[in-house]
Amino acid sequence: EGLKHTYENFDLETIDEFTVLISQNKNIKGMNVTIPYKEAIIPFLDKLNKKAKKIGAVNTIKITKKGKLIGFNTDYYGFTKTIKPLLKPHHQNALILGTGGASKAVTYVLNQLGIVQQYVSRKKSNTQLTYEELTESILTDHTIIVNCSPLGTFPLLEEKPNIPYEFLTKKHLLFDLIYNPSKTTFLKMGEAKGCQVQNGYDMLVGQAEASWELWCS
């Protein structure tokens, strides 16, 4: 309250519009970067913070007094703060749904917490499973499932990741990075099976707090 700042939304058709945006708005002190530009933004920056470099994705930019653009990742902070209190001893393995920039921060955090993770994507590769390959055995072994895809975001509320929901149990923790709606179809279907569920709102708040500290430092 009383701050001489506003938080504006800049909708870019393509990442190439970023250069023009920066040159025409000299009063910007910092920015958050969201889907689908968390990786694509990196070549436009002057420097990456160590953690952002390790993660390979940027969701926060600080603009220095000299006009240098420094990339940070505060998603990892928001995710850590939110998931840590929910973890139980049986939460040893995780499935990460989606392979975009947000999933990289999730992977980094799970590695830090000693949780083994497996990517799930629509495309087959050596490092990721496809949704069609998910079996009862895989779901039984992976009791954390994190949705990093945009499926289920407002207004397409009926959409959901194509996992075999019938194999979910009360041992599962379902975490959805989406916060609008507050309960996606993915979370609702998990809840119906007795799963512990968490949306992305607390993570959003946590990363925003960390971003604000960077901009004001």
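I will begin with the whole chain and then turn to one strand and its partners.

This is a predicted model, in which local features need pLDDT of at least 70 and side-chain atom pairs count only at pLDDT 80 or more, while totals for chains, interfaces and linings use all residues. Residues are numbered from 1 along each chain as its sequence is written, and side-chain values use heavy atoms, with hydrogens and water left out.

The protein chain has 7 helices and 10 strands, where helices (H or I, at least four residues) and strands (E, at least two) are DSSP runs numbered from the N terminus. Its C-alpha trace spans about 55 × 40 × 35 Å along the principal axes. Of the 217 residues, 45% are buried, and buried here means under 20% relative accessible area, with exposed over 50% and partly exposed in between, using a 1.4 Å probe and protein chains only.

Now to strand β9, residues 173-176: which way do its side chains point? L173 and F175 point one way, whereas L174 and D176 point the other way, and all of these residues are buried.

Strand β9 has a partner in strand β8 (residues 144-147), and the two pair in the parallel sense over 4 bridges; to count as a pair, two strands need at least two bridges found by DSSP. Within that pairing, V146 stands opposite F175. Strand β9 also pairs in the parallel sense with strand β10 (residues 196-198), over 3 bridges, and there V197 is the bridge partner of L174.
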